[in-house]
Amino acid sequence: MNSFLKEIREKVDESCLTRGGLKKQGCEVPLKNVPHPRLVVDFDNPGSPLSDDSHRCDYLLAAEDQKKTGWVVLLELKRGKLDASTVVKQLKAGSLAAEEIVPARCEARFRPVAASGGISKHEIKQFRKKSNMISYRGKREIARLISCGQPLNSMLRS
């Protein structure tokens, strides 16, 4: 296993690591064609590095592709409609946790992702506001939006 993934594994309670797919609240995001090796941290499990239940994203996915590019992906999954202000707070909390558990020397592309069963035009506009950007080690990104069932690899393109 890649050394940065190994270091993450050492910092996270074993109960937070998941080998299955990404599924919460009736929303699933397939991992087909997502880079390997990878590690998925479920922030909802006991022992999670995120203790604040109200502002907690669902997952952190760390991976390395064939070109040795590292990825740090935060995910929030909702079966119903998204509320941008809540989801942004959850992804920001996940970003702070990622900064703690991903080794600082790890150069990685960062992607905050929200998956939902319904995304209104109003919420899309809310996500695109500069004030709703998610920061990770000086990189600022707008949360990418996908529908439940859409493969995650579609968000991992340059």
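**A first look at the sheet, its helices and the cores**

In strand E4, Val41 is the bridge partner of Leu17. That pair is a handy way into this predicted model, where E1 and E4 (residues 38-42) run antiparallel and are joined by 2 bridges. From there, you can follow the rest of the sheet, then the helices and the nonpolar cores.

**The sheet**
- Read across, the strands go E1-E4-E5-E6-E7-E10, making an open sheet of 6 strands with mixed pairing.
- E1 (17-18) and E10 (144-147) sit at the edges with a single partner strand each, so one side of each has no neighbour in the sheet.
- In general, strands of a sheet pair through backbone hydrogen bonds, either parallel or antiparallel.

**Helices across the strands**
- Helix H1 (residues 3-11) lies across E1, E4, E5 (59-64) and E6 (70-81), and runs at about 150° to E5.
- Helix H2 (residues 84-101) lies across E5, E6 and E7 (108-118), at about 155° to E6.

**The nonpolar cores**
- The largest nonpolar core counts 33 residues, and Ile8, Phe43, Leu60, Val72, Leu74, Val102 and Phe127 have the most contacts inside it.
- At least two residues of this core come from each of H1, E4, E5, E6, H2, E7 and strand E8 (134-136).
- H2 is the top contributor to this core, giving 8 residues.
- Leaving aside neighbours within four places in sequence, Leu74 touches a list of residues including Phe43, Leu60, Leu91, Ala98, Phe110 and Val113.
- Another core, of 19 residues, lies apart from the largest one; Cys27, Leu75, Leu152 and Met155 are among its members.

How values were computed. Residues numbered from 1 in each chain as written. Predicted model: local features only at pLDDT ≥ 70, side-chain atom pairs only at ≥ 80, totals over all residues. Heavy atoms only, no water. Pairing = 2+ DSSP bridges. Helix = DSSP H or I, 4+ residues; strand = E, 2+ residues; numbered from the N terminus. Contact = heavy atoms within 4.5 Å. Axes fitted to C-alpha atoms, helices over the stretch in contact; angles between N-to-C directions. Core = buried A, V, L, I, M, F, W, Y, C linked by side-chain atoms within 4.5 Å. Buried < 20%, exposed > 50% of the residue type's maximum accessible area, 1.4 Å probe, protein only.
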